[in-house]
Amino acid sequence: MVLNKTNQTVFSELIAALSLMMDLDENNKLYHAWRVAAMAAKMAERFLPEEKRNIFYAGLLHDIGGIALSDHIIHYRDLEEQFKNPIIKAHPQKGAYIIRQIPSLAKSSEMVMDHHEMWDGSGYPQNKKGSEISVGGQILRIADTFDLVSRDLKKPTISEVSSILRNKIGSEFSREIYFMWKKTVYEEGFFNMIRRNDTLPQLVNSIIETLPETEVEIGSDVFETIVKVFAEVVDAKHTYTAGHSRRVAEYSSKIAEAVGLSEGQVKAIKYAGYLHDAGKVAIPRRILDKKQRLSENEFELIKKHPVYTMEILSLISQFNSLITIAGYHHERYDGLGYPNGLRGDRIPLGARIMAIADAYDAMTSLRPYQEIRSPDEAKEVLLKNAGSQFDPKLVEPACDVL
């Protein structure tokens, strides 16, 4: 099957949204992966056009294997410290493994595997040297370093960045790769466009529009595969949430079927279940893992995660119907929920269903702030809170299938 242009755009939007989610860092959008992807894709467009698509996706997802770190991977700069940290040392391999799950991204996964290899052999994970490193991996390396170097300068100029990167010739990358980068970054207006957060999305969108159509395995549900990867990445951020998004998706779809929703509605709610906690990646682990009662400021930060989820999903044109389902799953039937304090039927039906599924899984799974309840105990809590926290018309049919 060949993805038509519309589906190709949705595929790219999904990958870009997944990438942006990984770059949420305590209220900030770092745009690291977008910048690396844009730089690498523009280099490929000029010097390796047949690999532009693979290099672009590899750039968007190059740090996906480091999602389990306490802080964003860009905060770990020292090479010696990277070698000592097992998560960082393994993140190229972990990332390549995750990316291989997505149909048509096999070549991208190979590039991600190589993106921390150094020209002189001092990199990781396989200590490759020189031409042993894939060209895509070499391009990602210099694109990655370009962004990190630019961040370290208060007001980066193209000449300053170029000078710093030139000093890395022969150690981090080859002379050829450096001059490929230099010819690309000196294109008129490109440096300013890629450096500014307000123009970077426009640059990324222009790259997406010029990507070639993609062949994928016949019969594969590419989009469901990607949303499952989304869920895997979200849940990997915190060890106690392993499998949470998948279970919420399954529980929500069961409840949706039990109340007689159509096949299309059930599938939409299932997708939203996989994606409902995307915004939690922006919440510091110290808050999500806290056993004690949260402070007022900490709870205010927690309450922002559905907003972040909706921002991420808004990047995917085909998923507009999922935004409020995923984003309003913490609204309460009595109006005391968040983020908007919606009441009763003003809360979308899918979100009311997901509120039950999410609460049920939280009660029956290991959490640092509460003891695990049995399924029967959890159902008692759901029934007790029917009409206050949960839609009373949904609780009984939910308890029948959970």
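Arg-352 is buried, its relative accessible area being 13%, where buried means under 20% relative accessible area, exposed over 50% and partly exposed in between, with a 1.4 Å probe and protein chains only. This is a predicted model, in which local features need pLDDT of at least 70 and side-chain atom pairs count only at pLDDT 80 or more, while totals for chains, interfaces and linings use all residues. Residues are numbered from 1 along each chain as its sequence is written, and side-chain values use heavy atoms, with hydrogens and water left out.

The side chain of Arg-352 meets that of Asp-391 in a salt bridge, at 2.7 Å from N to O; the term stands for a side-chain nitrogen of Lys or Arg within 4 Å of a carboxyl oxygen of Asp or Glu. Because Arg-352 lies in helix 19 (residues 349-364) and Asp-391 in the loop between helix 20 (375-384) and helix 21 (392-401), the pair ties together parts that are 39 residues apart in sequence. Helices here are DSSP runs of H or I with at least four residues, numbered from the N terminus. Asp-391 is likewise buried, at 3% relative accessibility. Elsewhere, salt bridges that share partners join Arg-35, Asp-147, Arg-151 and Arg-195 into one network.

Glu-45 and Lys-52 meet through their side chains at 2.6 Å, N to O; Glu-45 counts as partly exposed at 34% relative accessibility, whereas Lys-52 counts as buried at 7%. In the bridge between Lys-303 and Glu-300, the closest N and O atoms are 3.2 Å apart, and here Lys-303 is partly exposed at 24%, as is Glu-300 at 37%.

Helix 19 also holds Met-363, which is buried with a relative accessible area of 7%. Not counting residues up to four places away in sequence, Met-363 touches Gln-370, Glu-371, Ile-372, Arg-373, Ala-378, Val-381 and Leu-382, contact being taken as heavy atoms within 4.5 Å. The C-alpha atoms of Met-363 and Glu-377 are 8.7 Å apart in space, while the two residues are 14 apart in sequence.

In the loop between helix 18 (323-327) and helix 19 one finds His-329, a residue buried at a relative accessible area of 2%. Its side chain reaches the backbone oxygen of Ala-326 at 2.6 Å, and a polar contact of 3.2 Å joins the side chains of His-329 and His-330. A polar contact is a pair of N or O atoms within 3.5 Å; within protein, one must be able to donate a hydrogen and the other to accept it, and residues adjacent in sequence count only if both atoms are side-chain atoms. Leaving aside neighbours within four places in sequence, the contacts of His-329 include His-276, Asp-277, His-305 and Asp-358.

As for confidence, pLDDT is the predictor's confidence in each residue, from 0 to 100; the mean over the chain is 91, and 95% of its residues reach 70 or more. Over residues 1-5, however, the pLDDT is below 50, although this stretch has 17 contacts in the model beyond near neighbours in sequence. Where pLDDT is low, the predicted coordinates should not be read in detail.

Methods:
Helices (H or I, at least four residues) and strands (E, at least two) are DSSP runs, numbered from the N terminus.
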